[in-house]
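Hi,

Here is the structure I promised to pass on. Have a look at it first, and then read on for what I found.

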Amino acid sequence: MLLNLKKMVQTLSIINIQIIYFSPIFKLLCALKLDMESDWGSTKFVVEQFSKWYRNNAKTIPAPTEIKLREFAFLTFEGRTMFRHISFKDEVVLHRYLIDNAPANSYHSSSYYKHPDYDMNEKGWIGADLVFDIDADHFNLPCQTEHDKWLCRNCGKTGVGKPPELCECGKAQFQTETWLCEKCLQAAKNETQKLLDILIQDFGFTTKNDLVVNFSGNRGYHVHVRNKNVRYFDQSSRREIVDYILGTGIKPEYIGFNPKGHGGRSILGDEGWRGRVGKALYDFVDDSSSETIKSLNLSRTLTQNLINKKSEFLIALQNNHPSFILKKFAGRDEERIITDLDTILKIAIKQQSADIDTVVTTDIHRLIRLPNTLHGKTGWQTQTINPENISDYDPFTNAIVFKGEEVKLFVRWAPKIRIGDTTYGEYNEEKVTLPLAVAIFLLCKKGARVIN
Ligand SMILES: [Zn+2]
Ligand SMILES: [Zn+2]
């Protein structure tokens with residue numbers, strides 16, 4: 001695509017017809033041409049830094065378990081082709097490859113294959129780890145309008161945050177610029193913690209034997225489940241696990257909210273989704289203002305009870321079965337009760353489920369980032385972290401690996417970013433001298449270029 005555009009820019013430069021000269025597409029192509037010529041990201045400099053880092057640190061990168069059965073894949077800074085169907089007999093050969101090639105991005109298969117270096121349909125699939133991807137790219141967060149931008153390649157329209165599904169011009173050809181901030185990474189971490197809770201409490205996996213948690217090096221976290229019981233699961237079995245984690249298909253009556261029920265004990269201490277929904281409901285009502293409750297458009301009786309008898313409701317939730325709570329607080333209109341329950345249940349499930357990328361988990365041939373390698377879009381390290389210490393993990397400090405002399409840059413635009421204890425930026429069309437770690441980040445994000 002980019003090569004074609006480059007060709008078009010060259011052709012248009014030669015023809016120089018007036019109509020084309022003033023058209024938005026011409027301006028856009030010229031901007032792209034300028035971008036290409038200016039080398040935003042100073043690729044050569046970044047490649048040199050990555051090479052140096054791999055020369056000194058490749059040996060600290062552990063091979064994935066059962067390395068001989070894994071496929072490896074790599075992306076370089078220069079091209080867009082993925083080098084894949086690569087296999088290594090041991091860690092030493094893997095390290096040699098990393099040193100010789102200093103890839104922009106490194107991946108391994110979550111799958112185990114008899115012949116990992118053969119073409120896809122001849123590899124001989126044996127099994128695959130169960131993997132989960134949590135990425136702030138998939139969230140809708142207010143901070144994204146502060147640091148993400150898009151440009152329509154067709155008409156030149158620009159905007160902030162996520163691009164729309166279709167541009168006003170009817171096309172969906174967007175160029176995006178995505179950054180990150182503390183808020184997106186905290187949101188990704190929260191989702192990862194919820195996922196770990198479900199995997200540990202409901203599935204019985206242990207942090208010691210089964211779970212590997214990695215910071216992705218950019219906007220998220222990956223969780224790998226390495227347990228022989230899940231290794232041979234096909235796509236539909238993995239889909240069942242996804243549905244469970246998302247709380248898909250839970251109906252109020254499954255967790256005791258049945259207007260015809262005859263009581264029993266509270267669901268608050270129950271295991272699985274019953275207890276989880278009970279807790280979410282408790283927290284939601286406890287934290288909600290009258291305005292929030294009113295905005296749900298529940299029945300008048302339930303709305304008034306949740307506002308005026310809030311503490312009575314919370315005590316009842318702690319001590320009584322949901323069917324008792326319905327009788328006491330939700331009025332008599334059974335049909336209305338069901339609608340109201342659906343509204344509340346959706347909120348409770350959203351709060352307690354983990355926002356995973358479902359495609360990644362159900363794909364049994366997935367390539368996933370090789371832990372402890374560098375991420376080409378940030379220059380940060382993809383890091384394996386102890387799941388028990390995830391709440392203390394700070395990617396803005398821990399994942400920063402470049403140390404060296406300061407670098408002079410021209411920054412076209414970059415939002416505020418904290419690296420370690422210092423916050424840098426925002427920068428806008430200016431010359432700055434920055435520590436190597438910050439410079440690498442801005443360069444990998446293509447927001448700057450090195451100057452002399
Ligand atoms: Zn457009
Ligand atoms: Zn953010």
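Let me begin with a question: is Gly269 buried or exposed, judging by the other C-beta atoms within 10 Å? Please keep in mind that this is a predicted model.

Gly269 sits in the loop that links helix H9 (235–246) and H10. Gly269 has 11 other C-beta atoms within 10 Å, and a residue with 12 or fewer counts as exposed, so Gly269 is exposed. From Gly269 to Asn428 the C-alpha to C-alpha distance is 53 Å, and the two are 159 residues apart in sequence.

The axes of H10 and H15 come within 9 Å, crossing at roughly 105 degrees. Angles of 65 to 115 degrees count as roughly perpendicular, and H10 and H15 are therefore roughly perpendicular to each other. On the H10 side, Arg276, Val277, Ala280, Leu281 and Phe284 make the contact; their partners in H15 are Ile344, Leu345, Ile347, Ala348, Ile349, Gln351 and Gln352. Sorted by class, this contact of H10 with H15 consists of nine nonpolar, two polar and one charged residues.

Both helices turn up again around H12 (residues 300–308). Leu302, Asn305 and Leu306 are the buried residues I would point you to in H12. Seen down the axis of H12, its buried residues fall within an arc of 95 degrees, so they line one face of the helix. Arg300 and Asn308, on the other side of H12, are exposed. The cover over the buried residues of H12 includes H10 (272–287), H11 (290–295), H13 (310–319), H14 (322–329) and H15 (334–352).

Conventions. Residues numbered from 1 in each chain as written. Chains lettered and ligands numbered in written order. Predicted model: local features only at pLDDT ≥ 70, side-chain atom pairs only at ≥ 80, totals over all residues. Buried ≥ 20, exposed ≤ 12 C-beta atoms within 10 Å, placed from the backbone. Helix = DSSP H or I, 4+ residues; strand = E, 2+ residues; numbered from the N terminus. Arc of directions from axis to C-beta. Contact = placed C-beta atoms within 7 Å. Axes fitted to C-alpha atoms, helices over the stretch in contact; angles between N-to-C directions. Parallel < 35°, antiparallel > 145°, perpendicular 65-115°, else oblique. Nonpolar A, V, L, I, M, F, W, Y, C, P; charged D, E, K, R; others polar.
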